[in-house]
Amino acid sequence: MGFATDAIHAGQIPDPTTGAVITPLYLTSTYAQHELGKSTGYEYGRTHNLTRQALERNIATLEKGKYGIAFASGLAATHALMSLVKAGDHIIISSNVYGGTYRLYELNLTNYGLEYTWVDTSNTTNIEYAIRKNTKMIFVETPTNPMLILTDLKAVAEIAKKNNLITVCDNTFMSPYFQNPLELGIDIILHSTTKYLNGHSDMIGGILVTNNEKYHERLRYIQNAAGGVPSPFDCWLVLRSTKTLAVRMKQHEENAKAFAEFLLKSGAAKKVIYPGLKDHPQHELAKKQMRGFGGMVSADFGTIEKAKKVLNNVKIFTLAESLGGVESLICHPASMTHASVPKEEREKYGFTDALVRFSVGIEDVEDLIKDVEQALK
Ligand code: P1T
């Protein structure tokens with residue numbers, strides 16, 4: 001099936017009782033059992049929920065995977081991944097990731113005996129150099145938040161296979177519409193469903209997708225044992241939203257391209273970062289491993305004063321954390337989404353206080369351009 005067809009139908013059949021076309025919202029914490037030891041297959045809401053199952057199947061299909069395991073947030077999914085390793089193990093991770101991922105791993109889980117090496121994974125030789133005897137996992141985010149740095153996923157998968165390592169890719173920025181890491185050899189995909197998958201900025205959620213039976217079994221067990229599950233209503237909202245993922249992503253990208261080109265031509269920023277621009281250092285890799293360039297644009301305005309001028313004077317872009325919704329958002333990553341990353345760490349990869357991140361929505365792009373023009377004046 002094509003992507004849009006799967007997005008609308010995968011994991012969902014008309015309800016057998018009523019014929020309801022839309023998967024019902026199963027609001028129940030428990031299920032009646034026929035007799036002792038004989039259940040319907042559904043026993044308790046944390047373990048089994050039909051709305052959640054439909055969502056897991058839907059997103060797994062879009063990612064060309066067998067199994068989806070949904071969580072209450074992207075970070076709950078990020079945390080669950082660590083059930084695949086144990087104290088004393090070492091993880092290689094992209095130096096630029098979402099600030100919350102850095103906070104969880106570097107500032108918290110190191111207290112439990114896990115070791116992280118933060119490397120510039122855009123050069124995969126750095127990954128090979130970082131491998132130790134106790135390395136168990138390579139975690140990459142591509143393109144990264146907010147610097148939009150890419151990592152060659154096929155190359156990562158090859159290195160991992162040679163060294164018997166688990167590979168994880170945070171695919172939140174591209175969504176399955178533009179990138180399918182499992183097809184490039186990655187073992188597990190992570191999404192914050194809060195972002196493009198839901199696309200309407202009205203819930204928080206996360207999901208892991210894999211084809212690997214062993215990892216699925218462990219993650220499914222942890223989903224229930226640790227209990228970080230999403231509510232049925234949040235699952236229902238995402239399931240409603242993936243139906244329009246294809247049309248939304250097309251429009252996000254069309255708008256982001258025009259917006260990035262406008263910013264570049266205006267000369268207002270010192271640097272405009274968008275994988276679809278020819279001057280993006282990894283534009284060729286972007287064309288090779290993604291089917292589009294997405295809806296995120298970052299720009300370094302040279303000084304914090306100029307960045308503030310844009311952040312404080314836009315009227316259609318809303319100053320807020322998060323991304324991937326139909327409405328355009330603007331953010332100052334250094335003080336907002338990545339506040340827990342030390343300045344000296346982020347400046348190593350060019351992430352300054354003057355950086356502004358635009359989540360380009362699906363409004364009329366002319367209005368978005370005019371909005372930034374007036375803010376700059
Ligand atoms: O917010 P939550 O659903 O827990 O997802 C965490 C997360 C994971 N991965 C990436 C790439 C992300 O961008 C995020 C969340 N990011 C923001 C809230 C933000 O504004 O960047």
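Modeller: The protein splits into domain 1 (3–242) and domain 2 (245–376), with bounds from an automatic or database domain assignment. It's a predicted model, where local features need pLDDT of at least 70, side-chain atom pairs count only at pLDDT 80 or more, and totals for chains, interfaces and linings use all residues. Residues are numbered from 1 along each chain as its sequence is written, and side-chain values use heavy atoms, leaving out hydrogens and water.

Biologist: How many residues of domain 1 are in contact with domain 2?

Modeller: 43 residues of domain 1 are in contact with 43 residues of domain 2, contact being heavy atoms within 4.5 Å. The centres of the two domains, taken over C-alpha atoms, are 25 Å apart.

Biologist: What lies 2.7 Å from an oxygen atom of the ligand?

Modeller: A polar side-chain atom of Thr194 does. A polar backbone atom of Ser322 is also 2.7 Å from a ligand oxygen, and for a polar side-chain atom of Asn145 the distance is 2.9 Å. Polar contacts here are pairs of N or O atoms within 3.5 Å.

Notes: Polar contact = N/O pair within 3.5 Å; in protein donor to acceptor, adjacent residues only side chain to side chain.
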